[in-house]
Amino acid sequence: MEHEWIPNSNEQVKKSMLDYIGVKDVLDLYNDIPKQVLIDEEKWNNLDIGKKKPLDQIEVEKIMDNILNNNKIFDESKQFIGGGAWPHYVPAAVQYLAERGEILTAYTPYQPEISQGLLQMLFEYQSLISDILEMDVVNASMYDMASALGEAFLMSKRINDKSKILIPETINPFHLSVAKSYTSPHEISLISYKVDPNTGYSDIEDIKSKADDLSAIYLEYPYQYTGIVDINAKAISEIAHEKNALFIMGVNPLSLMLYKTPGELNADIAIGEGQPLGLGLNFGGPYLGIFATKWNAEYVKQMPGRLIGMTTSIDGSSKAFAMILQTREQHIRRSKATSNITTNSSLSAITAAIYISLLGRKGLKDVAESIWYRSHYAAKQIKSLGFKSPLFDGEFFGDFVVEFNEDFEKIRNKLIDFGILFGIPLIQYVPWAKNSWGLLSFTEVHSKSDIDFVIDKLKSLR
Amino acid sequence: MFKQANWNEPLIYELSNGREGIRFKGNNEEFKQILGDISIPQSLKREKEPELPEVSEIEVVRHFTRLSEMAYGVDSGPVPLGSCTMKYNPKLSLKIATDKRLAFIHPLQPESTLQGLLKALYELQNWLASITGMDYCTLHPAAGAQGELSGVLMIRKYHEIKGNINLKDEIIIPDSAHGTNPASAAMGGFKTIEIPTDESGNMDYDAFLSSLSERTAGLMLTNPSTLGLFEERILDVAKIIHEKDGLLYYDGANLNGILGKARPGDMGFDMAHLNLHKTFSTPHGGGGPGAGPLCIKDRLVKDDIMFHDLLPGPIVIYDEKEKLYKIKWPGKYSPGLLKSFFGNVQQLIWAYTYILTLGPQGLKEAGEIAVINTNYFIKLMEDSKGYSLPYGNGRFRKHEVVLSAEPLHEETGVTAEDVSKGLLDSGFYAPTIYFPLIVKEALMIEFTESETKENIERFANRLKEIEEIAKKNPNEPKQWPINTTVRRIDMVKANHPKTITPTYRAGILRQKGILGPLR
């Protein structure tokens, strides 16, 4: 079967190659596969694979168009939903540059001399993130924030060989599930510390009472399921370090344009979700796991994932980039590696680097301020409708919880009819919520009239 | 002649000139009038603005365009990296996978509003099950290594549920395996037992037999192996590992070698991960993101617990009564989630498009041509003295072949690395080198079905030309590459505690004397 994606499938070319190899039939090349295992051509062609026949590109586009149309697509500006991924504006130049074929279709830069541009992009990603976080070492990416958290806990155990890690009660539930999967084979116990039901801030006394024989204390900052930016961050850092434990922070890179950074708060490891930096929602991925640590040789040695470094050519004539400290990685250290990760989220990291470069210092700060303003404005307007908004009265950024007067899922479903995707019914995801609680999110994509529109519709439901 | 661009492009920081980038100023003023200035508690306020570049849009576009011109992908030319399956990434799939309608779907959008997407994902689960001869697939894992970890965690759960986990703590892995296999087994809390490879290129069967014990939890196998050779006694291996109640895991990195010809499920494998960024044409993006679905053969675990109850991640199911596609989240026997949300859906839709276009006939053609390309290349290299073909004398290879530059090295001192730099100089990407570890001066070559006959011939000719140059003037290859953006790189400086520079910030702080050596 000749196909445009398989150049040597041309019958004449194929025959000339088989002749040269010296076999009559392509099947001869499979003469070492047991007969019972070889699959019969007719059987294969009738398996449930695609439409059981090749399609041309026009047919495929029609089918895919139909698949995509058969969903309710909410305009970005009508989505008020977060919980670990948020609607953000992606500038046209970001997507354009990230689709350059030399990068999109490249492999991991094992041959650095011919991959300098790719390596420099990844180095710039590491550098830009390090400046936002004020952490000195950043790796070239993990899959997403959740898997980065799992890896951070494993790294902490490798560093101090302790088994107890404190986590906040209001941790992102998806992150918690992933952290459990990663740590369950390694005798690590994850113990929650309480959060004040009025402010949403961590309960310092509860942390202190649980802080013995610790590997690490983890703080989500802001908490993605309440939006609260914990005012006790510094105190938690100090408790962790008094107890010789690590302080691990999970961050939103955009909020750090306004709030204290992991560097300022003396975090040992910082992880984060890079999706807000120019990546689409795509029903869950691909996203970008940020992973950073301190300038500490022991920490860096235990760090998972790939690192790019700046150096020079051997003759010293030009700057150059290469993968560094590779002896931590699976292709060299095998079962002793710091992680099994190899394919990561490089293109997402490069996309984030392009996004940060395009917006620059002022542009990123604008985005952070826009998020702050819109979420605080919306909280105030919803409060004026008579709901408890925000439910927690601590400092919040972007997201907040509202207590409504009926099952929140019902409210959300009614608003779907107006083309609005209104938040997350918290009770479906976390054990500490009531069914009237909704988690709402606001970003730079929402104009004042978008927000006023949803407030208006909310009013009409009452 | 090939000559790669060299723009001597500064770092984005060095381009910073205080100009304005993209700003979404929107109507913050409107909000400000209502709310006043942003009020953040003093103790939470960031003290110093970050040292980020300030550059105009066209400067950023030129910067990244120039950098991309100093990179090399499948769109630039052949990338014959063995075990990486760098096939063509169809632009049709790019167009569809980057559609706005997909980009805008939030991961927690209600499933009743996503019937088109869920149906496609449901079909993809079924297609991958058909392709691998398995019963169930989860599309959740973010990459091959995460697929492996999913599999290893399932092996762990399986023995846990049967009450044997304290005993069953060893996973067997051949010495030709990808490094991710032992790393994944270790992440899943297992010890690893390494089995040597025999002369014919199979896992040493006697060594395998003697490694088995009541401690055996499973075996991770790559078939065809990293030598491109099919494991001839696979049916015996499967039978014996099952007798020990061990589970047989298939590393799908090399599936392209048997696509449409043999299926892991029919060979006795219990589980298999697939690398969609290899066999199913999703782009590798310079190191990811990928997608690593895991497929399994169902079996009874204990009482009424089935093996599919142990699958990690969300799975799409079809509710016959309600006529709705739904997501089933992992239950109590599953290891749980390995990343947030469903999976790398952009990659999944890309692979769906690829399979839809080719159909079973096209996939089979892809597998066959990949194998023909490998063996055609081997035949072209048959008369070469500088490169040998270790293991499996006389056997046909499948998706890839491992040549050894050891004869050339012994005669001239020219190494596999030197050879690879010579390939770069003529506009090819280099093969995977020094892997598998069992082959000296290894050159691991995989053309995939995407490479033209003409390019394979050019590649073989270049290898022979390099051999001739090495014999005439062994010093010349040590100077390569000369046609790439930079020449060989100072890796000592790159890794030395006093000069290591993982970020721009670290470099600046070291210059200022704030950071010392990283030791």
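**Figure 1. Leu424(B) in its helix.** Leu424(B) sits in helix α14 of chain B, which spans residues 416–425; helices (H or I, at least four residues) and strands (E, at least two) are DSSP runs, numbered from the N terminus. This is a predicted model, where local features need pLDDT of at least 70, side-chain atom pairs count only at pLDDT 80 or more, and totals for chains, interfaces and linings use all residues. Residues are numbered from 1 along each chain as its sequence is written, while chains are lettered from A and ligands numbered from 1 in the order in which they are written. Leu424(B) counts as buried because it has 22 C-beta neighbours inside 10 Å (buried takes 20 or more other C-beta atoms within 10 Å, exposed 12 or fewer, partly exposed in between, with C-beta atoms placed from the backbone).

**Figure 2. What Leu424(B) touches.** Leaving out residues up to four places away in sequence, Leu424(B) touches Gln111(A), Glu113(A) and Ile114(A), plus Ala430(B), Pro481(B) and Thr484(B). A contact here is two C-beta atoms, placed from the backbone, within 7 Å. Pro289(B) is 135 residues away along the chain, and its C-alpha atom is 25 Å from that of Leu424(B).

**Figure 3. The buried side of α14(A).** Over in chain A, helix α14 (residues 408–416) has Phe408(A), Ile411(A), Arg412(A) and Leu415(A) buried. These residues lie on the same side of α14(A), because their arc around the axis is only 100 degrees (an arc of the directions from the helix axis to the C-beta atoms). Their packing partners in chain A are β12 (421–422), β13 (424–425), β14 (437–441) and α15 (448–461).
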